[in-house]
Amino acid sequence: MALLNPRQRRTWLCALATLTFLVGCVPRREVKAEPEMTNQTISDKISDEMLLDPGVVSTRLDIQTEDGIVTLSGQVNNILAKERAVRIAETVKGVRAVVNRIEVKPSPLRTDDAIKQNIKTALRTDPATEAREIDVRVNEGAVKLTGKVESYQELDLVKKVAQGVRGVVDLQEEIHVFYKDERPDQEIEEEVQQTLRWDSQINDHMITVTVDQGQVKLAGVVGSAAEVRMAKADAWVAGVDDVDTEHLEVDPWIHEEKLRGNKFVSKSEAEISSAVQDALMRDPRVKSFNVDAEVTGRTVTLRGTVDNLKARRAAARDAKNTVGVSYVENRLKTRFNQNREDSAIAADVRDTFYRDPYIERFDINVTVLNDTAYLYGKVDSQYEKNRADDLASRVPGVVDVRNFLSVAEQRPYVSDPYIDDLFIDQDALVRYDRRSPYQSDKEIKNDIQDELWWSPFVSSEKIKVSVDDGIATLKGQVSSWSERRASTENAYEGGALLVDNELVVKSD
């Protein structure tokens, strides 16, 4: 190497000093390390999610994870919380299956006769189960249901109505699904494939469907345990005797494009309309009504008449969960065909609250005027406020609910379609001021990124998060409207006071 003369040496040192100064002035870009997925971190994340969920009191629950298999044990005070704990665990990335060993210990205990009479009343007064002849037996809080229904969806609804009675510690059923007509296996297989294809909550591209004498077998790969459960429910179409999901595996690391395939490519208005109509016909709360689904672009407008508010809301939920739908304009009219006194409707709403394991303990004032139920009082959380709203919507004669219940504790709660069965007519998510004076925008941003990373329903690496004064902005690209909605929910769960979702849906 040639030696530098004094002038060259001074020039080189000056350049070096300048370069060093400039490098020192460049701000370091802080890169947040991705969470590590281990048995312990999966358990910890499930624990965090349950801690934030008002529907599950998690202080008496234990969570153990081994190779992605989660075992839940401990105690809850109602059977709905037991089922809810499983659903919450299923929505965490890395969970392959959930073993439920939770015990239900109601407090206070109720007599078997009181539980039995409450279940019979609940089934008789629910608009979607009133016509079903179901026998109810109760032994030390354990319920056994027998009878006949016309679809698996009706069977599932009967079970949920019975589980919604406080004091139930277990539920078994020997309900026969009676199909009016026999169907060939090929026809069943095609309908299962179509149902999976149009369900926006399931990535079905790598699911294979085979049917043998009415026995459906699902095999392949999905991204979450929640999708396994929902795929199984979708597979119960007319004519099916059993659904086997033993060969449907969960792989949290498989690339989303492989799972989704062309699921979310642009669909025609006619295709979307047909898919929404099919979804409405499978829903036992809606199928008996003449509901028209008109599609313009990605907006579905529902028109027609139903005789109960719950059916109106269920129709909107069915449409919103259909691939290709971004917005639902619900123009369904609720008209109860019988004349009922407002006082009788109000009494039934109060009785419904009294039977419910979540709502019974609150002093809720119910007034009904011109078939509209007005709710006043205070509950602990937004979940309970929404549940009271949902329960009132099921009462015959209620055409609208004006919910003026106040919430005592502003804990984060955002309705999740993979967890919640209820659907309230509201597009705006409930917002919470979760920030303490010591929680900075940086901390909120990290929490949001953590929520997105642990969600099996979003591609977190394609989403950029920024937070300014508690307001989170999401930018980037997602594959579907359901993924976009899930991202918003994750941002609120991460502590955002308000979410500006600027994510672009790739299929548009």
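I took buried to mean under 20% relative accessible area. By that cut-off, 50% of the 508 residues of the protein count as buried. I am working from a predicted model.

**Overall.** I looked up the secondary structure and found 14 helices and 22 strands. I then checked contacts between residues at least 6 apart in sequence; 71% of these join residues at least 24 apart. The protein exposes about 25,500 Å². Carbon and sulfur atoms supply 47% of that area.

**Helix H3.** I turned to H3, residues 79-90. Its 12 residues should span 16 Å at 1.5 Å a residue, and the end C-alpha atoms lie 17 Å apart, which agrees. How many of the 12 residues of H3 are buried? I count 11, so the helix is largely enclosed by the rest of the structure. At the start of H3, I found a side-chain oxygen of Asn78 within 3.0 Å of the backbone nitrogen of Leu80.

**Cores.** Which residues touch the most other members of the largest nonpolar core? They are Leu218, Phe353 and Ile364, in a core of 109 residues. H3 gives the largest share of this core, 7 residues. Another core, of 24 residues, lies apart from it; Ile272, Phe289, Ala314 and Ala315 are among its members.

**Phe353.** I listed its contacts, leaving aside neighbours within four places in sequence. Phe353 meets Ile359, Glu360, Ile364, Val366, Leu375, Ala388, Leu391 and Ala392.

Technical notes. Residues are numbered from 1 along each chain as its sequence is written. This is a predicted model: local features need pLDDT of at least 70, side-chain atom pairs count only at pLDDT 80 or more; totals for chains, interfaces and linings use all residues. Side-chain values use heavy atoms; hydrogens and water are left out. Helices (H or I, at least four residues) and strands (E, at least two) are DSSP runs, numbered from the N terminus. The expected span of a helix is 1.5 Å times one less than its number of residues. Buried means under 20% relative accessible area, exposed over 50%, partly exposed in between (1.4 Å probe, protein chains only). A polar contact is a pair of N or O atoms within 3.5 Å; within protein, one must be able to donate a hydrogen and the other to accept it, and residues adjacent in sequence count only if both atoms are side-chain atoms. A nonpolar core is a set of buried Ala, Val, Leu, Ile, Met, Phe, Trp, Tyr and Cys residues joined through side-chain atoms within 4.5 Å. Contact means heavy atoms within 4.5 Å. Accessible areas come from the Shrake-Rupley method with a 1.4 Å probe; for residues, only the protein chains shown count as cover.
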